[in-house]
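Please examine the sequence and the structure shown below. The report that follows describes how the parts of this protein are arranged.

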Amino acid sequence: MKIEVLYFEGCPNHKPTVERTKDVLQRLGVDANIHELEVTQNDDPMIMKFAGSPTVLIDGQDIDPRLRAAPNYGFGCRTYGGAGVPPVEMIEAALREACNRHDCGPSRASPTDDEHIRPS
């Protein structure tokens, strides 16, 4: 599973988004690395699937299913329902979806300490 957080320099929501994503990974027991990618004006937002800072991609797909159907790529600050950091529920749903594709194991809201979703 490939997790990327795309951002531009100076974005105040970049680090909180990375931390929130790490928290959700830990809570679900998913062992995956987060790759932080700085997007510059020289990069093509369409090629990078950059819908504003911060953008979270899992296996190249945006965590917001609505954006997958109607992408709106470009430079700017991104909001998630009025907030600058994606909601926990959106990150969790995208991770569960990716785990289903990767056969990471059963989807559980709160695995026990002994249960961990296998990394890909």
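The largest nonpolar core of this predicted model has 20 residues, and those with the most contacts inside it are Met1, Ile3, Leu25, Val30, Ile58, Ile63 and Leu95. A nonpolar core is a set of buried Ala, Val, Leu, Ile, Met, Phe, Trp, Tyr and Cys residues joined through side-chain atoms within 4.5 Å. Here, buried means under 20% relative accessible area, exposed means over 50%, and partly exposed lies in between (1.4 Å probe, protein chains only). Two or more residues of this core come from each of strand E1 (3-7), H1, strand E3 (55-58) and H4. With 6 residues, H4 gives the most to this core. A second, separate core of 6 residues includes Phe8, Cys11, Phe50 and Leu57.

The element names refer to DSSP runs, numbered from the N terminus: helices (H or I) have at least four residues and strands (E) at least two.

Residues are numbered from 1 along each chain as its sequence is written, and side-chain values use heavy atoms, with hydrogens and water left out. Since this is a predicted model, local features need pLDDT of at least 70 and side-chain atom pairs count only at pLDDT 80 or more, whereas totals for chains, interfaces and linings use all residues.

The predictor's confidence in each residue is pLDDT, on a scale from 0 to 100. Its mean over the protein is 86, and 85% of the residues reach 70 or more. Over residues 105-120, pLDDT stays under 50, and the model has 26 contacts beyond four places in sequence for this stretch. A contact means heavy atoms within 4.5 Å.

Of the 120 residues in the protein, 42% are buried. Among contacts with a separation of 6 or more, 70% are between residues 24 or more positions apart. The protein exposes about 6700 Å², of which carbon and sulfur atoms supply 49%; accessible areas come from the Shrake-Rupley method with a 1.4 Å probe, and for residues only the protein chains shown count as cover.

Helix H4 deserves a separate description. At 1.5 Å a residue, its 15 residues should span 21 Å, and its end C-alpha atoms are 21 Å apart, which agrees. The expected span is 1.5 Å times one less than the number of residues. Which residues of H4 are buried? They are Met90, Ile91, Glu92, Ala94, Leu95, Arg96, Ala98 and Cys99. An α-helix has 3.6 residues a turn, so residues three or four places apart point the same way. The cover over the buried residues of H4 includes E1, H1, E3 and helix H3 (65-69).

Isoleucine 58 has contacts with Met1, Lys2, Ile3, Ile63, Ala94, Leu95, Ala98 and Arg101, not counting residues up to four places away in sequence.

Arginine 101 lies in helix H4 (residues 88-102). Is arginine 101 buried or partly exposed? Arginine 101 is partly exposed, because its relative accessible area is 43%. With residues up to four places away in sequence left out, arginine 101 touches Ile58, Asp59 and Gln61. The side chains of arginine 101 and aspartate 59 are joined by a polar contact of 3.3 Å. A polar contact is a pair of N or O atoms within 3.5 Å; within protein, one must be able to donate a hydrogen and the other to accept it, and residues adjacent in sequence count only if both atoms are side-chain atoms.

Histidine 14 belongs to helix H1 (residues 14-28). It is buried, because its relative accessible area is 6%. The side chain of histidine 14 makes a polar contact of 2.7 Å with the side chain of glutamate 36. Beyond four places in sequence, histidine 14 touches Val5, Tyr7, Glu36 and Pro54.

Threonine 17 is also found in helix H1. At 0% relative accessibility, threonine 17 counts as buried. Not counting residues up to four places away in sequence, threonine 17 touches Val5, Pro54, Val56, Gly84, Val85 and Pro86.

Glutamate 92, in helix H4, counts as buried because its relative accessibility is 15%.

| Residue pair | Apart in sequence | C-alpha to C-alpha |
|---|---|---|
| Arginine 101 and aspartate 59 | 42 residues | 9.9 Å |
| Threonine 17 and serine 53 | 36 residues | 9.9 Å |
| Glutamate 92 and isoleucine 63 | 29 residues | 9.0 Å |
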